[in-house]
Structures are given as C-alpha cells and as structure tokens.
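Okay, everyone, thanks for coming. Let me put the model up on the screen, and then we'll walk through it.

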Amino acid sequence: MDQKWLAGVDIGGTTIKMAFVSLQGDIVDKWEIYTNKSENGKHIPTEIARSIENKLSEQHKTKEILAGLGVGAPGPINDEDGSVAVGVNIGWEKNFPLKAKLEQELSLPVIVDNDANVAAIGEMWKGAGERAKDVLCVTLGTGVGGGVIANGEVLHGVNGAAGEIGHITVVVDDGAPCNCGKKGCLETVASATGVVRFAKEMLKTSEQESKLRSMDIDRLTAKDIFDLAKEMDPLANEIVKRITHYLGLALANASNVINPKKIVIGGGVSKAGNILLNPLKEEFQKFAFPRVSEGAELTIAKLENDAGVIGAAWLAKTEAGY
Ligand code: ZN
C-alpha cells in the first residue's frame with residue numbers, strides 16, 4: 001500500500017494555498033486557487049474539496065491515500081467545533097462552520113486552526129523552529145500575526161485569541177488606531193502598512209536628511225525603507241531603529257511569559273533580513289529578562305509561503321494519530 005499523504009490548506013484573503021504533504025513533512029505537490037469571496041465566501045469549502053479531488057485524480061490517486069485534512073484560516077477559531085468565530089477578510093458570517101462543511105464535502109477528518117498558529121507549527125516542524133518545543137512566531141505581513149508553541153502545544157486560550165502578538169500595545173500614549181479597535185498596537189508600527197505609516201509620520205516630525213524626501217510618498221513600501229537603511233540613509237536608519245525598538249519590546253515581553261528557544265520572524269517585512277534582525281536582537285536583549293534572552297535565538301522564517309500548508313498538514317497528522 002502507498003504511504004499516506006496529508007492535505008494542508010492555508011486560506012488567505014486573496015488565494016487559498018493547498019498541498020499534499022508526506023508524513024515526514026515534505027511537500028509532494030502544491031498549488032493554489034483564488035479565494036472566492038462572493039456570497040460571503042460560502043462557496044469556499046466546496047471549492048477546496050473539488051480542488052483536492054481534482055488534484056488527486058491528476059496524480060492517479062484516490063481519497064484513500066489521505067490521512068486527513070488540516071486547515072489554517074484567518075481569524076480566531078472556536079475549539080469545540082472548528083468554526084471560524086470572525087472571518088472578516090473573507091466575509092464569512094459569524095461562527096462559520098468551516099470544519100463541518102469540509103468534512104461533509106470530503107468525508108475526511110478535518111482539523112482547523114488559526115492561520116498564524118498554523119504557520120508557527122509549520123516553522124516548528126520543518127523550518128526555522130527546528131523542532132524546538134517552545135517557539136514564538138511573529139508574521140510581519142499586511143498585519144502582524146502571532147503564534148505561540150509552549151511545551152510542544154499551540155496555545156489557544158479560552159476563546160482562541162492566545163498569541164495575538166500583533167496587538168500587544170507598544171505605543172502607550174497617542175498611538176495610531178489599529179484594525180482591532182485599540183490604539184498603539186505593534187501592528188500599527190511593524191506590519192508592512194505600519195512601517196510605511198510610521199515612516200510618513202517620521203518624515204513630518206524629523207528634520208533628518210533622507211532620500212525618502214525625494215520619493216513619491218504615496219507609493220512608498222516597507223521594502224523601500226529597509227533598502228535605504230542598507231544604504232545608510234540617516235532617516236531610514238532611524239525609522240528601522242524605532243520599529244525594531246517596538247518589535248523588540250513586544251517580543252521580549254511575550255518571551256518573558258513562555259521562555260522560548262526560538263523566536264521566528266516571518267512575513268514580507270522579514271525579507272529585509274539582517275538589517276531588521278541585527279538591531280532587533282539588540283532591542284530584544286535590552287528588554288528581555290536576562291535568562292530568557294540567553295535561552296532565545298531570534299531568526300528569520302525559512303518556509304515563506306509554505307509554512308501554512310506544512311503546519312496544517314502537521315495538524316492533520318497529529319489528529320489522525322500518525
Ligand atoms: Zn490591535
């Protein structure tokens with residue numbers, strides 16, 4: 001008999017990434033489909049199921065080969081029934097029954113978790129987490145996602161909101177408004193949009209010289225700022241310093257709670273590499289409890305876009321008892 005495969009699905013606002021993954025965590029095949037948000041995203045479970053079936057037949061396999069399906073979805077997940085409490089990016093109604101619908105469509109065991117948690121698991125299993133049991137993951141993308149693995153288990157909390165590192169308050173007074181309704185969250189300064197917003201603010205309040213002043217400010221990206229920092233642009237360097245100050249503060253405070261071995265920085269902003277990581281290490285050290293700091297290694301994520309599908313597959317594997 002063929003060795004079993006796992007199916008991993010990572011639902012995003014624009015695309016749904018899918019993969020067949022071996023029990024060892026290697027991708028056998030991966031593909032993506034467009035996220036159909038029409039009619040409040042109600043067609044999504046059916047489209048995922050049909051796409052998996054089509055891929056299986058392309059590979060001349062039947063559903064028998066799948067041990068289960070793991071799914072990462074945006075928003076907090078209700079632990080008891082795998083429904084998505086709030087799926088704003090997709091347009092799902094409250095408590096959208098994602099697990100139940102997928103099980104009905106596919107007749108396979110399905111396990112659903114939050115997308116940031118799933119990415120953290122992926123990095124723990126096959127990426128920069130290197131199978132450490134205590135891992136803190138932060139994804140600096142359009143928003144800031146967080147996932148916490150403590151003693152080998154993903155933390156969910158009482159209603160699925162554990163590990164929301166992006167909403168740790170870092171700007172205590174007069175912070176910018178955040179999507180969550182609060183002010184001064186890490187997300188308002190360290191997400192791709194937050195970096196740009198913060199840079200625009202600094203351009204107004206600082207007198208420092210910068211190539212940024214001659215650029216089209218409406219088209220400014222986080223990458224531009226890190227690229228200029230690499231060229232030793234004084235203002236870009238100051239912006240990066242301030243951003244890593246806030247990020248280091250949030251990661252240090254979160255780390256003091258779980259004492260992680262690995263702190264994995266992922267998402268688009270993390271592509272800046274060492275220009276982000278080096279000052280971040282300094283700031284982290286400044287704020288973390290010394291023994292926590294000694295135990296922790298800050299590192300850039302390795303799996304990029306595959307973290308979600310690999311983490312989802314790991315959930316399926318665990319659920320199926322492999
Ligand atoms: Zn927030």
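Let's start with helix H4: 10 of its 12 residues are buried, so the rest of the structure largely encloses this helix. By buried I mean under 20% relative accessible area, with exposed over 50% and partly exposed in between, using a 1.4 Å probe and protein chains only. Among the buried ones are Val-118, Ile-121 and Trp-125. Helices here are DSSP runs of H or I with at least four residues, strands are E runs of at least two, and both are numbered from the N terminus.

Quick word on the source: this is a predicted model, so local features need pLDDT of at least 70 and side-chain atom pairs count only at pLDDT 80 or more, while totals for chains, interfaces and linings use all residues. Residues are numbered from 1 along each chain as its sequence is written, and side-chain values use heavy atoms, leaving out hydrogens and water.

Now the zinc ion. Which residues coordinate the zinc ion? They're His-167 through ND1, plus Cys-178, Cys-180 and Cys-185 through SG, at 2.0 to 2.3 Å. Donors are N, O and S atoms within 2.8 Å of the metal (3.2 Å for Na, K and Ca), and water is not among the atoms, so sites may look incomplete. Cys-180 is partly exposed, at 39% relative accessibility, whereas Cys-185 is buried, at 0%.

Last stop, the sheet. It's open, with five strands in the order E3-E2-E1-E4-E7 and mixed pairing; strands pair if DSSP finds at least two bridges between them. E3 and E7 are the edge strands, each pairing on one side only. E2 and E3 run antiparallel, joined by seven bridges, and Ala-19 has Lys-30 in E3 as its bridge partner.
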